[in-house]
Amino acid sequence: MTGLRELQRQRVHEAISTAAITLFLEHGFDEVSVAQVAAAAGVSKPTLFKYFATKEDLVLHRIADHLGESARVVRERATGERPVEALRRHFLDGLARHDPITGLNDDPEVVAYHRMVFFEAPSLLGRLHQHMARDEEALAGALAETADELTARLLAGQVVATQRVLARRNWQLLADGRPMAEVEAEAVRAAEQGFGMLTA
């Protein structure tokens with residue numbers, strides 16, 4: 001029964017998420033109400049808020065799924081591997097998979113999603129910065145296991161900023177109409193440069 005309930009919960013969560021993203025991309029984040037999302041998903045507003053605390057979370061949960069990822073990469077790195085090297089490898093792996101979190105994904109919906117988050121709805125960008133601050137805190141905690149607190153906090157801030165700049169640059173190049181293969185080659189070079197600076 002527990003498994004069935006969890007499966008049902010996941011289905012409702014996905015239905016709400018899909019309805020929200022579809023409506024927001026079609027009409028604009030600020031033009032769609034939570035009530036409209038609930039109706040499109042076939043749930044009540046109270047039910048929707050059991051799954052998503054805020055309207056912004058209806059969009060950003062797809063990014064929030066990556067919260068704590070950098071900290072996990074550092075903690076689960078191979079013996080002898082330096083934290084920055086593990087993070088570099090992980091980012092490059094994400095580029096190779098065209099993970100949307102790296103900005104290197106030319107699916108029209110993914111490109112439109114990034115445009116909405118970064119340029120069309122200030123409240124989304126503000127909420128995103130809150131998520132990034134939590135991610136930075138988690139990474140600092142992981143780095144503090146092998147470095148002093150100040151070094152860990154400084155490096156965590158630099159890593160999160162580097163990842164953000166690289167991802168946004170990749171998205172912008174694709175949004176400008178550059179071919180995927182061309183952007184991917186540039187993205188790899190840029191990631192090597194960015195993480196190389198962190199290593200130094």
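Arg 9 is partly exposed in this predicted model, with a relative accessible area of 37%. Its salt-bridge partner is Glu 6, with the closest N and O atoms 3.5 Å apart, and Glu 6 is partly exposed too, at 34% relative accessibility. Both sit in helix α1 (residues 2–27), 3 residues apart, or about one turn of the helix.

**Salt bridges**
- The count comes to 13 salt bridges.
- Asp 57 and Arg 127 pair up through their side chains at 3.0 Å, N to O. Asp 57 is in helix α4 and Arg 127 in helix α8, so this pair ties together parts that are 70 residues apart in sequence.
- Asp 57 counts as buried at 11% relative accessibility, while Arg 127 is partly exposed at 22%.
- Glu 145 and Arg 75 also meet in a salt bridge, at 2.7 Å, N to O. This one links distant parts of the chain as well: Glu 145 is in the loop between α8 and α9, Arg 75 is in helix α5, and they are 70 residues apart.
- Glu 145 counts as exposed at 53% relative accessibility, and Arg 75 as partly exposed at 47%.

**Nonpolar core**
- The largest nonpolar core has 56 residues, and Phe 24, Val 37 and Val 59 touch the most other members. Helix α9 gives this core its largest share, 8 residues.
- Neighbours within four places in sequence aside, Val 59 is in contact with Ile 21, Phe 24, Phe 29, Tyr 113, Met 116, Val 117 and Leu 124.

**Largest pocket**
- This pocket holds about 690 Å³ of space.
- Its lining takes in 29 residues, with Ile 63, His 66, Ile 101, Thr 102 and Ala 167 nearest the centre.
- By class, the lining splits into 12 nonpolar, 9 polar and 8 charged residues.
- Helices α4, α5, α6, α7, α8 and α9 each supply at least two lining residues.

- Ser 70, in helix α5, is buried, with a relative accessible area of 7%.
- Not counting residues up to four places away in sequence, Ser 70 touches Leu 87, Asp 135, Leu 139 and Gln 163.
- His 114, in helix α7, counts as buried at 9% relative accessibility.
- Leaving aside neighbours within four places in sequence, His 114 is in contact with Pro 100 and Trp 171.

Key: Residues are numbered from 1 along each chain as its sequence is written. This is a predicted model: local features need pLDDT of at least 70, side-chain atom pairs count only at pLDDT 80 or more; totals for chains, interfaces and linings use all residues. Side-chain values use heavy atoms; hydrogens and water are left out. On a 1 Å grid over the protein atoms alone, a cavity is a set of points where a 1.4 Å probe fits but cannot get out, and a pocket is an open set with protein on both sides within 12 Å along at least five of seven lines; lining residues have an atom within 4 Å of a point. Grid points are joined across faces, edges and corners, and a volume is the space filled by probe spheres set on the points. Helices (H or I, at least four residues) and strands (E, at least two) are DSSP runs, numbered from the N terminus. Ala, Val, Leu, Ile, Met, Phe, Trp, Tyr, Cys and Pro count as nonpolar, Asp, Glu, Lys and Arg as charged, and the others, Gly among them, as polar. A nonpolar core is a set of buried Ala, Val, Leu, Ile, Met, Phe, Trp, Tyr and Cys residues joined through side-chain atoms within 4.5 Å. Buried means under 20% relative accessible area, exposed over 50%, partly exposed in between (1.4 Å probe, protein chains only). Contact means heavy atoms within 4.5 Å. A salt bridge is a side-chain nitrogen of Lys or Arg within 4 Å of a carboxyl oxygen of Asp or Glu.
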